[in-house]
Amino acid sequence: MKSQIIHVNRLRFQSLWKVNCLGFLVGYTPIAILVGMIAASTDANILSINDEYVHGLAAIPASLLMSLILSFVLGTFYTIVQWFGFTIYSRFNDLKLRYYEAKTDIE
C-alpha cells in the first residue's frame with residue numbers, strides 16, 4: 001500500500017478537539033451503558049444528579065448524558081494541553097503525517 005508524507009505547519013484547535021472528544025465519547029459510552037443498566041436493574045446508588053440518586057429506566061439516559069458531558073470536558077482539557085504541546089513543537093520542527101489512500105473497490 002502506497003503512502004505519502006504530509007508536512008503540517010500548524011494544527012487547528014478545532015480539528016484536535018473533534019478527534020479528542022469523539023475518542024473520549026466512544027470510550028466512555030460502553031461504560032455509561034453498563035453503569036446505567038446496573039443502576040436501572042439493581043437500584044444501586046451509583047448514579048446521582050444534584051445529590052439525588054437516579055434509579056429505574058431513567059438511569060440509562062442519565063448515564064449517557066453524564067458520559068457525553070464528561071467526554072466534552074475531558075476532551076476540551078486534553079485538547080488544550082495537546083494544542084500547546086503541538087504549538088511549541090511546531091516552532092522547532094514540522095509535524096509529519098503519513099497518509100494512506102483508501103482502497104476503492106470500483107475498477
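I'll start with Leu 47: leaving aside neighbours within four places in sequence, Leu 47 is in contact with Val 35, Ala 39, Glu 52, Tyr 53, Val 54, Ala 59, Ala 62, Ser 63 and Met 66. Contact here means heavy atoms within 4.5 Å.

This is a predicted model, where local features need pLDDT of at least 70, side-chain atom pairs count only at pLDDT 80 or more, and totals for chains, interfaces and linings use all residues. Residues are numbered from 1 along each chain as its sequence is written, and side-chain values use heavy atoms, with hydrogens and water left out.

Leu 47 also belongs to the largest nonpolar core, together with Ala 39, Val 54, Ala 59 and Ala 62. Such a core is a set of buried Ala, Val, Leu, Ile, Met, Phe, Trp, Tyr and Cys residues joined through side-chain atoms within 4.5 Å; buried means under 20% relative accessible area, with a 1.4 Å probe and protein chains only.

Now to helix H1, residues 13–42. Helices are DSSP runs of H or I, at least four residues, numbered from the N terminus. Tyr 28 is where H1 bends by about 30°, and Pro 30 follows within four residues. That bend is the angle between axes fitted to the seven residues ending there and the seven starting there. Buried residues in H1 are Leu 16, Asn 20, Cys 21, Ala 32, Gly 36 and Ala 39, and their cover includes helix H2, 59–90.

Which residues does Ser 71 touch, not counting those up to four places away in sequence? Cys 21, Phe 24, Leu 25 and Tyr 28. Ser 71 is found in H2 and is buried, with a relative accessible area of 0%.

Conventions:
Helix = DSSP H or I, 4+ residues; strand = E, 2+ residues; numbered from the N terminus. Expected span 1.5 Å × (residues − 1). Buried < 20%, exposed > 50% of the residue type's maximum accessible area, 1.4 Å probe, protein only.
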